[in-house]
Amino acid sequence: MAYFQALFDRICGDLQRSTQEMSSDFLQLSTNQQRVSYALSIPSVHDYIKVKPMFKGKSAVEATKLREFGNKMFGQKDYESALQMYSESVLKAPFDPDVNHSYLHGNMNGNSQERDVTTDDENEFSLALANRSAVLFNIGKYDLSLKDIELALHHGYPEELKYKLHERKGRCLWNLGRDDEAMRSFMIAKEHVAKSQLNSKKRKSWKATVDKQIAAIQRTPSSVETSSASSSATDIPSVSYGTNITFPSLSTAVEIRQSGQRGRHAVAAQDVRVGDVLIVEKPCGSVVLPEQCDTHCDYCCRRVLAPLPCHQCSTARYCGHECADLAWTQYHRVECQYLGLIHSSGVGGMGHLALRLANRTGFRFLQEFDQTLKEKTARKVKEPEKDAHERKPGYTDLQYEDFPGLNTEGVYTNDYNCVYNLENHSSERKPSDLFRRTVMAIFLLRILQNGGFFQVPGEEVSEEDQLLVASHLLRHLQMIPCNAHEVSEFEFYRGDPDRCRYLEVASALHCTMLGMFNHSCDPVINRNFYGDVLVARAIRPVAKGEEITLNYSVLYTTQPRMERQYKLAGQYFFKCSCQPCVENWPLFYDMVQDLQQRNKLPKLKCGQCFSVLPGSDNKGSDKVKCAACGEDQELQALRTQLDNIVEEVFNKVGVVVTGEVESTLPVLERCLERMEKIVARPYGYYDSCQEAIKQCYGIVGNCHERATS
């Protein structure tokens, strides 16, 4: 049993009643502060909710063992295992982040406390980096190898061995097309060999080898084009048609409306085509799941081949110095020594995300935010409410007082104001559920308290301040299940589409997406990720004025209606009334099987007005009159057009599975638009085309290619 659940059971046991029997008490409480105050008044809550640091620290001894095992793997040319061992050694080795290495790696997550790092410890860190650079060079990752070489040199790599690193640096630069820099590195290597422990014969032989490399550069300059580092952060697309002024994460093709029936929802401000990018959004907070911590950057959620460490723990890993510095400044300083407890406690990604949101926001800001809320509430009491009769049905005048989340300038800035105003369904929750979340909020509060969140010793934090922060944590714990979602990575098996899948990497909160868009089991947009940045594209055409929807993790193609309805009601507190639910559309497998066996013909659309043609799915019909525009329609001609499109789709699907996206994606997007004008939904091959398009989007975003063997 997980730690938090065991703790919660003990508290309930001491109360000698179940959480259900506490309903009468909790029913009387209407605010989160009242709930937290009630729980804090329970003696067993004080007695049992104690937290202590639980994290993996540094060890030069362990780092040495890992590096030596990596040496063994490297000698056997098992580069994958060697890279893993060297990386673990880098993470485990103590180092001084205040060493001057600003040339490449900035502050390396700051100077939070006194550290006692010996020269031998520092050498171990530099040795692990140097050895890892050798593996990276051998597998052709010259840019990463170069970074490790630079960092090793700045962290006290032994003087007598530096000649080897400078020579390797020269070869990296040469392979990267940076010939002049390579020449300088080779010359520096020749100077440093004089400090080596090589005998004169070996020294002479080594110099001769370097001279040959210098001569090769002079004779045949590198044909590799010099380019900037291939950071995938640069390939994040921009929204189509320009940025929405009110909602900067959205395209101008999207308009946000608010109505009594649909709540806050998105509609197309213009006709939208398949492939249009409608959302690009950074999260307000994200947490990498424990099972992905060994492979992904703790800050940006990207997969990491050669991670950089935190200076204090050996758990968190980063793709570069910038992420390491930002993580330490924004949240890791508080969480570092409690990561093991957070991961093993059973609070899950949602609990960790609730803590992360408060942690990143900061105590002083939460104090100021609460004060602003109180002042705003006081003004509303004094000022008369806007007359509801003055508002037109379906009004869209997004004034600050009407539309929670907009700032005083009328902009949805994706900050804590947006987080606070997301729906949390507190009134629909059972008292037993609220009590459990309240106890969890206090557990998370203790971690923040002991981790230095309040910037005073934990025991000196006033009860008022504890109550303030815990009430925000409780609000997060109610809001997150309805608004947060996974950050995913596409696992791509070249030539084997049946094995391709999405891997959940992190939990994240993107306020605009789930805060503004309603659900449909047949969504308009599909989301992918570039690191933790959400990119949502249209996967079917949308006419101006039509609602733009997304899916809340359930799709009609893969899950029966009853299963979808049950999940949506339980987690999001609504009954879905989208077209697939109302009409009970069949599953994808059943649709395709019917088409393959010719059990059914698809319903077709009029070529003039695109209305559905009654009787067009009748096998005996060759011509029908459109009920909407009165035009006669030749059904066989329409069926032939559709068959040609389907054939083109499946030809391109065969190319997509090889990983070729650039030439296939535009064709598939246009095929889907053509299909939209000819055939009525549901239609299995329409969904086949959509799936191929979504696979293309997966390949160009977070994607990890796996071996097919």
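How many nonpolar, polar and charged residues does the lining of the second largest cavity have, by class?

1. Basis. This is a predicted model, in which local features need pLDDT of at least 70 and side-chain atom pairs count only at pLDDT 80 or more, while totals for chains, interfaces and linings use all residues. Residues are numbered from 1 along each chain as its sequence is written, and side-chain values use heavy atoms, with hydrogens and water left out.

2. Sheet. An open sheet is formed by three strands in the order E1-E2-E11, with antiparallel pairing (strands are DSSP runs of E, at least two residues, and helices are runs of H or I, at least four, both numbered from the N terminus; two strands pair if DSSP finds at least two bridges between them). Strand E1 (254-259) and strand E11 (547-548) are the edge strands, each pairing on one side only. E1 is joined to strand E2 (residues 263-268) by six bridges, and the two form a hairpin with three residues between them. Val254 has Ala268 in E2 as its bridge partner, and Arg257 stands opposite His265 in E2.

3. Cores. The largest nonpolar core has 106 residues, and Val469, Phe517 and Ile548 have the most contacts inside it (a core is a set of buried Ala, Val, Leu, Ile, Met, Phe, Trp, Tyr and Cys residues joined through side-chain atoms within 4.5 Å; buried means under 20% relative accessible area with a 1.4 Å probe, protein chains only). Helix H18 (residues 431-451) gives the largest share of this core, eleven residues. Apart from this core lies another, of 37 residues, including Ile539 and Leu665.

4. Phe517. Leaving out residues up to four places away in sequence, Phe517 touches Leu250, Val254, Ala266, Ile279, Thr512, Ile525, Ile548, Leu550 and Tyr552 (contact means heavy atoms within 4.5 Å).

5. Cavities. There are three cavities of 30 Å³ or more (a cavity is a set of points on a 1 Å grid over the protein atoms alone where a 1.4 Å probe fits but cannot get out, and lining residues have an atom within 4 Å of a point; a volume is the space filled by probe spheres set on the points). The largest holds about 70 Å³, and its lining includes Cys521, Ile539, Asp687 and Lys694. That lining divides into five nonpolar, two polar and four charged residues. The second largest cavity holds about 50 Å³; among its lining residues are Cys293, His296, Cys297 and His343. By class, this second lining has five nonpolar, three polar and two charged residues.

How values were computed: Buried < 20%, exposed > 50% of the residue type's maximum accessible area, 1.4 Å probe, protein only. 1 Å grid on protein atoms, 1.4 Å probe; cavity = no way out; pocket = protein on both sides within 12 Å on 5 of 7 lines; lining within 4 Å. Nonpolar A, V, L, I, M, F, W, Y, C, P; charged D, E, K, R; others polar.
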